[in-house]
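Welcome! Let's take a friendly first look at this structure, beginning with a strand and its partners and then turning to some aromatic rings.

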Amino acid sequence: MRRHLRRETPSARARNQQPPLAPAAAMTRRSLTTPSLKAEMDKILEAVMMSSYPNNVKQGLVRRVIEAIKQPMDSEQCWSMLELSTKLYLMGDTKFKREIGKEVLEVYGHYHPEEFEEFFNVRFLLSLLQEGYGPAGKRSPYVLDYIHLGLQFVLESPSASDIFSLLRIEVLRKVCERPGPKQCAKISKLLSQHPQCVPTGKHQILFCQQLIRCIGQFQCISEGEDDIMEFLDHVNKVSGLLQKIWRAQTSSILPSLKEVFSIISSTEEQEAPSNALASVVQYVPLELMDGVIRNLTNDDSITDVQMMTAISRMIDWVSWPLGKNIDKWIIALLKGLAAVKKFSILIEVTLLKIEKVFSKLLYPIVREGALSVLLYMLLSFQHSHEAFHLLLPHIPKLVASLNKEDSNSATSCLEQLAELIHSMFFRFSGFPDLYEPVMEAIKALPIPNEDRIKHLLGQNAWTSQKNELACFYPRLASKSDTGKIGLINLGNTCYMNSIIQALFMASDFRHSVLNLTESNSQPLMTKLQWLFAFLEHSQRPAISPEGFLSASWPPWFSPGAQQDCSEYLKYLLDRSKAIDPLQIPPSCRLHEEEKTGKRIYQKLKESNLMPQAEERHYLNKTLIEKMFGGKMMTKIRCLKCLNVSSREEAFTDLSLAFPPSNRHVRRQSHAAVLPVEEIGPQIIEPPIKPQSQVTESPRRQRKHPVSGEPPIQLLPIETVGFQEAEGQETPFILRSDRDHVSSEAVKDPLLSFGEQTGGSEDSRSVPDLINYFLSPEVLTSENKYHCEKCASLQDAEKVAELTEGPHYLVLTLLRFSFDLRTMKRKKILDNVSIPLVLKLPVLVASEDSGEVRQNRNDRAASCNGFVSMVYDLCSVVVHSGVSSESGHYYCYARDCTSTDASSQPRDGAQKSTSDKQLDFEIQWYLFNDTRVSFSSFESVSNVTSFFPKDTAYVLFYRQRPCKQSWAVREAVSDAVRLHGELSPNKDLMEAISKDNILYLQEQEKEARNRAAYISTLPKSPLWWRDFDRDKDDEGSSGGCGPAAGGGGSGSFHGLVF
């Protein structure tokens, strides 16, 4: 028996010392069936294999040898042949030799089972597994294949149980040595076909854990496609073995998962674990998911850094091409973290990984899982636009690639992506400049309806309690390049933020507020002063308006709900009686607050307790009246007796309704009253480029802004007011006909310009709405007027006339109306063109009209006491959405510094256009809560063209200097002379300085913490390579590229590894 335990017998060694064998060709002439030659069969086979004959000749000779060894043979000859075939199989330097060795072994296993069982014994196998086969340094890599081959012939032998016991121990030892993917695949193949060799009990759990450790270290070094496919096959075999073990013994699943989490959450490893671990998780039964995730997210022993590392590495698994349900596990863990309010981890993970996930949409093989993860990540990240904005530069490239692919997978992905993008537009509106290229890219894709968008946004948000994310505002590393400061959204407070920024950009009002002396009688104005001062001087990228919000909060507003910004502005400024003063504390309204201050002043004046310097502050109108107050005369004329009754009232804004679509009013040819005019900006004529140099943008063609046209003077749009004729007042004169221009008039560049910018017949403009507001209203039927002179109800005409133009003209476009059919408020989405410069007719007293005309050096005419007041556009508050109860507000604004008092002569005359700054060159800014960016009047003009739900709602115009506005300029100048430079008081400046120091300290601390935090995170490949591949590689062969039939093996290697 002892000789059977050795791999080489003494007789074999003696044979090896004999002279060389005779040529194989000579041996073939003799019969292989003679007893003498049977005894030398091993020599014959060895001679054949060592000969230089072609493989096909060798194959023929081997056939004859094999036929011979199927005959009965003595034990010693069998032993010799088994030794030789073992040597050929394990040490053969060619595939042919190994195949011959395998074939001979199989013949002996079938035809000489007893000899084979004696040869294939436990000690021999132990020697193979522990010592290997072959000389030192050249051990055979095929030992496991050899054992697998021979095992099938000893399954029924008495030694089978001993062999199985040996293998159960040895395979565990092997995996503890961390073999590579090829050896692990061989072990898995062996154990999959012979489950008797799988370790049992505690050893089985340990085996699974160690095998998972091996998978975590798998690496595919080669970039060749064949090598990659071989690597994936090896991984599949290993993970398939785990699946079989788990099915047979479910108690090993949870310890295995614990090992997986231990690997991916480790922060000590120098290299990130292999993405091949994804192949393990795919086989975990989904019914265990809830319990596993719940245990993980509630385990206090797991630190945030470990959880962050684990989920980051799991997200990398979306690039694993053969994984199933990987996206479900990733989303489940993200949801689990949200359930336990681990928002800091979720935010970090999303911002760190979302671009990489997005880049995987290029690859059809992983697209479905990557899209699922992307959808959840974006739809859950609803507290900030940061994550979505990271993807904006990459969306047009991806859409172009998917369109080029033209497959069912690409089409489905495009449709879902478009739905996601529109949902993000809806959630984070107010970024038209950023969104325009994306809108252009997806313009041909379907647009989801609002109900679908709300359904998507309502499904996956991390939390329904908005205040839970209050501390996770968008991370702003530094102040905006614009130098402006944003306002933090405190929970649907964009309506207030937009109004505050518009008021802040009203420079005259801002200067006056900043130079107010502190007064206990005006707490709200003091809070506004503090807010303006911080917006002016703070170093923070954005500040919180919480103090001002709490002081100016209208009592009927619901906390956390979207509100109407116009209603909020009226609450602050309006002096009308539309709001019951008994229900609203006067101290919460700026105008009422100032009136209270004046009453206090009167008492102080009577008691001589007020210095003369402060007395000047209260002599004139309130600041709100100076800046926003205007007056309007309402006249009603009885159509029977022609008696006219009139009433003058003050206003702080004009609410402009939309005329009915069938309303067409035209100015009569004999009109002699002053028109409302929309005029082009006062500009220096730019040099005219040759026609050949003018090129169009490749993006969607825009309507040209007013500022881009040749120099114009005036464009009559509408005419309103009474007309005097033969001592009597005639019915009101309305609209000029812009759609019918005579051939002679076309020669006039003014009218020609009107044709280019007038738009379609159904288009609206701000002058159109003002005209409709000032046009007559016929009071008849149930709405007849009670004429005092006639002492009865009579038909009448009612008209409003502006008698005093405000310094800041605030126009509210009444876009929200009540639909009697649906019994809901709806929004009018009509696009309204906004003139950069507007002329408004104001009725002045006859003794003043001459002086006003003398102080105006332009083409403005006057008639019957009307004069034109010129207004420059300052701010536009835009509402994005389809109802007043939802949506978002943002604000366009600019500094109208070119018409400051300091820039105008004291006599009120206008500077010449050559001395005036170009209106279209004045910088516009876009204020969207915390984000402030540069913009342009072109963007203001085209926002509704690109985003139909984004419509201008509240407009701020600033009056150019004239006699009536010099009082305001004097007030600002007096404030400067009284208090010196425009700067807040000492206490306020000290508070700002302390806050700036605090902010710098916070930044320093955050930078240190973040650097330490980031250093622990796993390193991942550069995701942007997926977008920036060399175009020459796009057409290479292969089926795993970003498009069908495109993308080479190199790009696939980058995808997976």
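## A strand and its neighbours

Strands β3 and β14 (residues 796-804) pair in the antiparallel sense, over eight bridges. Two strands pair here if DSSP finds at least two bridges between them, and strands (E, at least two residues) and helices (H or I, at least four) are DSSP runs, numbered from the N terminus. This is a predicted model, in which local features need pLDDT of at least 70 and side-chain atom pairs count only at pLDDT 80 or more, while totals for chains, interfaces and linings use all residues. Residues are numbered from 1 along each chain as its sequence is written, and side-chain values use heavy atoms, with hydrogens and water left out.

Within β14, V799 is the bridge partner of K635. β3 also pairs with strand β4 (residues 644-651), again in the antiparallel sense and over eight bridges; there, I636 stands opposite S645. Because eight of the nine residues of β3 (residues 630-638) are buried, the strand is largely enclosed by the rest of the structure. Buried means under 20% relative accessible area, exposed over 50%, and partly exposed in between (1.4 Å probe, protein chains only).

## Aromatic rings

The structure holds 30 aromatic pairs. Rings of Phe, Tyr and Trp (its six-membered ring) pair if their centres lie within 6.5 Å; planes under 30 degrees apart count as stacked, over 60 as edge-to-face and the rest as tilted. Here are two examples.

| Pair | Centre to centre | Angle of planes | Type |
|---|---|---|---|
| W79 and F119 | 5.0 Å | 75° | edge-to-face |
| F116 and F120 | 5.6 Å | 15° | stacked |

W79 lies in helix α6 (residues 75-91) and F119 in helix α8 (residues 113-119), so their pair ties together parts that are 40 residues apart in sequence. W79 is buried, at 3% relative accessible area.
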